[in-house]
Amino acid sequence: MTPTQTEVPQRHGTPQDPDTTPVISVRRLWKVFGPKADRVPESAELCGLSRRELMERTGCTAAVRDVDFEVSPGEVFVVMGLSGSGKSTLVRCLTRLIEPTAGEVVFEGQDIRDADDRHLRELRRRKFSMVFQHFGLLPHRRVVDNVAFGLEIRGMGRAERTRRAQEVVELVGLAGYENSYPDQLSGGMQQRVGLARALAGDPDVLFFDEPFSALDPLIRRDMQNEVIRLHHEVGKTMVFITHDLSEALKLGDRILIMRDGRTVQCGRGDELVGAPADDYVREFVKDVPRGDVLTLRWIMRPAEPDDALDGPELGPDVVVREATRAVLAADRPVKVVENGKLLGIVGDEEILAVVAGQEGGA
Amino acid sequence: MTVALDKTAPLAGARRLSRRMVVAAILVVWLVLFAVFRGRQTLTLAAADLTGLHRWFNDVNDTIGANRNTNPLFLYFFNEIRLVIDNLVGFVQHLISQPTGARPVPQIGWLGVVGLAGYVSWAVANWRVALLAVAGFAFFGLQGLWQESMDTLSLTVSAVLVALLFALPLGVWAGLSDRFNRIVTPLLDFMQTMPTFVYLAPLTLFFLIGPASATIATLIYAAPPAIRITAHAIRSVPESTVEAADSLGATRRQTLLKVLLPMSRRTVVMGVNQTIMAALAMVTIAALIDAPGLGKTVVQALQSLDVGTAFNAGLAIVVMAIVLDRVTTAASGREEAARRSGSRFLTWRRPLLAVGAVGTAILVYLSHTYVWAAEFPGDGGTGSSIASAADTATTWAQDHLSGITNTARDIITNGLLNPFQSLLTDSPWWLVGAALVALGAVLGGRFAAVTAAVCVGLLVGTGVWSDSMTTLASTVVATVLVMVLGVVFGVWMGRSVLVDRVLRPTLDAAQVMPPFVYLVPFLALFGATRFTAIVAAVVYAAPVAMKIIADGVRAVPETTVEAATSAGCNTWQIITKVQLPMSRSALTLATNQGLIYVLSMVVVGGLVGAGALGYDVVAGFSQGELYGKGLAAGLAIVLLGVMFDRITQAAARRTGA
């Protein structure tokens with residue numbers, strides 16, 4: 001189960017630049033629960049055991065095992081896994097709500113594992129904020145006071161924090177509900193309050209721990225769109241935890257799939273669908289509508305001598321679904337061109353193989 | 001899976017069957033040996049006889065009395081505490097109940113107190129309970145019990161203040177620290193199993209008889225619920241909320257002040273309610289060690305069998321309990337209600353409160369200055385009418401119902417109580433002890449057996465073995481009756497939402513009453529006998545048993561009952577084969593609580609002819625030479641309580657597992 005890190009040029013439109021230093025770099029991160037947890041990451045032998053064997057041998061549970069990844073500025077990075085895969089523990093390790101057992105979490109060039117209490121608190125107050133699955137709102141405070149809570153904790157004055165909170169309340173679409181109490185709102189609206197609270201402090205990084213799992217499907221979709229809209233408007237770096245693959249594909253620039261605490265695969269959505277690292281991922285992505293995720297790059301074939309090369313041109317990162325009409329309308333294969341260079345061609349057959357749901361790609 | 005089930009099912013069945021048979025066997029052996037050894041080695045002790053231990057306690061008491069003002073431990077510790085408490089109680093008493101110096105009346109007269117009661121109730125709760133409070137307080141005056149009521153209130157308020165001063169911080173600490181919680185929980189459990197009574201005796205040793213001891217006993221008795229409930233409130237704040245505060249960078253202090261305390265406020269006020277009710281119950285019982293107030297009126301009236309006066313004062317206690325309970329319960333729900341009613345109310349609230357404060361201040365000033373507002377007008381005519389009405393009712397009951405009541409009394413006394421009591425008191429002590437240990441082992445396991453053995457040994461040591469057995473007999477008989485009532489009503493309530501809704505408020509109200517007041521009506525019906533104490537105990541303990549059993553029955557999953565119904569069970573089969581077996585741990589818990597409640601009441605029943613340990617304790621307070629014996633009897637009560645509690649708890653754990 002070696003993690004596959006596919007290096008592919010970035011999708012256009014993502015505010016990501018391979019030259020900038022990552023916002024967060026996670027290196028060899030471990031979280032082990034149980035007696036004498038420290039010894040587990042240190043011992044090569046114990047590292048090699050499966051979860052159950054480790055439990056039997058040492059009484060320890062390894063929730064996060066040797067995870068590496070980097071999050072670029074402005075990126076939406078999704079960690080996906082089923083329940084018990086360690087994803088919620090992982091995100092809590094990033095802000096040390098749960099203390100990691102071993103490894104590094106580098107933020108702004110400093111390992112936050114070295115931060116003392118005061119520094120850590122400062123980071124949480126100004127740089128990070130988090131949205132929780134069960135909202136974690138204060139029932140005795142009005143919406144606006146809930147949103148201002150983080151600012152209050154920093155010591156901001158009442159007038160200023162209320163003004164700022166009011167702005168954010170409007171940003172998340174809760175104008176008119178400032179003076180309601182959380183229990184008077186629906187679940188979706190409560191999570192908007194949670195979102196507003198996280199945004200109020202103007203943090204550099206937003207962490208989402210399965211924020212929409214407790215919501216109805218329709219409201220969930222609204223909230224996902226809300227996050228996409230906010231991402232466009234405020235452009236924050238986001239780390240998003242979910243167990244829902246369609247949510248991950250919808251929101252994530254890159255997706256890390258976890259299983260039993262380990263990274264199974266980390267890459268863009270089309271990479272997971274086009275080149276699953278193993279059967280586990282393949283099983284996962286089986287029901288994904290491939291045309292919505294795969295790009296032409298994944299289905300093009302090399303041009304052969306007898307191909308007509310005077311068809312229309314498309315970029316390699318165009319999603320299949322969007323290219324379908326153009327390809328089928330043309331009477332010649334479509335050329336996939338990047339920077340003036342011909343990468344390959346896509347004809348009716350390649351498109352139909354994907355759209356009609358036949359096995360394609362890698 | 002099925003194979004495993006098939007294997008274990010008959011095994012478990014066999015074990016349960018055999019346990020029942022072992023219990024029966026123990027009883028049979030006991031009966032046989034009883035017939036052989038009857039009347040030998042029963043450790044009977046005549047009322048005026050003392051053992052070495054009792055004399056030694058007397059000596060300790062004398063020594064402490066002689067050195068109270070020289071021994072540094074007393075000089076700088078116990079006496080200081082007594083002084084502080086005395087001053088506090090004295091201060092409150094001078095404020096509302098007792099004359100000070102040259103003033104023939106307290107600083108604040110009835111009008112001021114009634115005004116204050118109404119205003120405070122309105123400020124912390126709502127205007128409805130404020131009206132109730134005003135009416136209740138005015139009623140005390142009409143009853144001719146103004147000063148007694150204010151004395152009771154003074155003691156209660158002082159004890160509650162001091163209790164909360166310690167209990168709330170301790171509760172918060174227990175809520176935050178797992179380690180402290182682990183230390184303090186068993187201690188609180190232990191304190192709560194003790195009958196109110198037993199705190200009194202040892203405290204008089206250190207703090208003399210009087211208001212100080214009464215207040216200290218009260219606050220010790222009243223603090224545990226507040227500690228426990230505060231800790232529980234802090235612990236039940238959702239972890240996700242605390243985590244959210246952490247993720248925003250809150251310090252521990254900020255989390256405590258802005259998240260944990262505000263979110264647990266409502267529950268903490270419920271804890272304050274419990275503390276106030278416990279304090280009121282204890283203050284009335286503390287009349288036995290000369291605490292002033294309504295309790296004293298009741299005790300004196302009970303001792304002279306003056307049912308009318310006892311009823312009048314008992315009614316005042318009931319009214320005070322209702323007022324205090326309603327006000328604090330409403331206070332815990334106020335914020336919720338205020339929030340719902342919208343902000344218009346909130347903007348008007350402040351000015352209205354200010355106006356109310358001014359009005360109250362005027363009332364207080366009037367009552368401080370003018371006699372008509374200081375001394376309650378009238379001669380308490382309502383009180384005498386209540387008393388004479390109660391007397392008339394008593395006479396009528398004795399004339400017309402004596403046939404029924406006496407029959408009931410004689411059936412229970414001769415059919416159940418006497419044989420059982422003679423089995424316990426006429427058996428040799430070692431036989432009873434062995435039987436108790438054996439029962440403990442069978443029902444509760446090895447640890448319960450060891451506890452039972454130690455308790456039996458110590459009971460023998462206290463020198464009041466025979467009295468303990470008499471009390472034990474009454475307690476067991478009363479508990480059996482409690483369980484019969486508990487199962488009948490509990491199942492009824494558990495099965496019918498309607499019945500539950502009708503009965504539960506009554507049961508809640510009944511539990512709030514200080515145990516004392518239950519004695520009065522039954523004294524009127526049955527006269528001063530053991531039976532009176534038993535009936536009062538049954539009435540006192542039944543509500544808690546009913547509620548626990550009802551909750552147990554209700555907790556049986558709907559689907560299980562549905563499955564049984566679809567299998568063709570009739571109602572009786574559903575109750576006996578599904579609902580009762582599945583609420584077995586609730587039944588054991590009800591037995592446990594029933595025993596503890598009954599024990600505390602049977603002991604109080606010593607006042608109305610129940611004799612035995614309760615009488616020993618009461619006599620110890622009033623007669624110097626019996627002090628040691630009273631203390632030993634108090635100890636015996638503790639031992640009985642511990643034994644009951646350990647065995648039933650262990651049994652509950654077994655059935656629960």
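Reader: What makes β3-β2-β5-β6 in chain A an open sheet, and how does the pairing run?

Author: This is a predicted model, by the way. In it, the 4 strands line up in the order β3-β2-β5-β6 of chain A, and their pairing is antiparallel. At the edges stand β3 and β6 (110–111), each with a single partner strand, so one side of each has no neighbour in the sheet.

Reader: How do you know that β2 and β3 of chain A pair?

Author: Two strands count as paired if there are at least two bridges between them. Strand β2 (residues 24–33) and β3 of chain A have 7 bridges, in the antiparallel sense, so they meet that cut-off. If you want a spot to look at, Val26(A) stands opposite Phe69(A) in β3(A).

Reader: What lies across these strands?

Author: That's helix α4 (residues 87–94) of chain A, which lies across β2, β3 and β5 (102–107) of chain A. The helix runs at about 60° to β3(A).

Reader: Why is Asp66(A) called partly exposed?

Author: Let's count. Asp66(A), which sits in strand β3 (residues 61–71) of chain A, has 17 other C-beta atoms within 10 Å. Buried would take 20 or more, and exposed would take 12 or fewer. The value 17 falls in between, so Asp66(A) is partly exposed.

Reader: Which residues does Asp66(A) touch, leaving out those up to four places away in sequence?

Author: Arg28(A), Trp30(A) and Arg262(A). As for Leu54(A), 12 residues away along the chain, its C-alpha atom is separated from that of Asp66(A) by 15 Å.

Reader: What makes β12 and β13 of chain A partners?

Author: Again, the bridges. There are 2 of them joining β12(A) to strand β13 (residues 334–338) of chain A, and the two strands run parallel. At least two are needed, so they pair. Glu313(A) has Lys335(A) in β13(A) as its bridge partner. The open sheet here has 3 strands in the order β12-β13-β14 of chain A, with mixed pairing.

Reader: Which residues have the most contacts inside the largest nonpolar core?

Author: Off to chain B! Among them are Ala163(B), Leu519(B) and Ala541(B), in a core of 308 residues. Helix α22 (residues 530–555) of chain B gives the largest share, 18 residues. Domain 1 (38–53 + 393–656) and domain 2 (71–379) of chain B each supply at least three residues.

Reader: What is Ala163(B) in contact with, leaving aside neighbours within four places in sequence?

Author: Its contacts include Leu219(B), Ala222(B), Thr275(B) and Ala279(B).

Methods:
Residues are numbered from 1 along each chain as its sequence is written. Chains are lettered from A and ligands numbered from 1 in the order in which they are written. This is a predicted model: local features need pLDDT of at least 70, side-chain atom pairs count only at pLDDT 80 or more; totals for chains, interfaces and linings use all residues. A nonpolar core is a set of buried Ala, Val, Leu, Ile, Met, Phe, Trp, Tyr and Cys residues joined through C-beta atoms within 7 Å. Domain bounds come from an automatic or database domain assignment. Two residues are in contact if their C-beta atoms, placed from the backbone, lie within 7 Å. Axes are lines fitted to C-alpha atoms, for helices over the stretch in contact, and angles run from 0 to 180 degrees between N-to-C directions.
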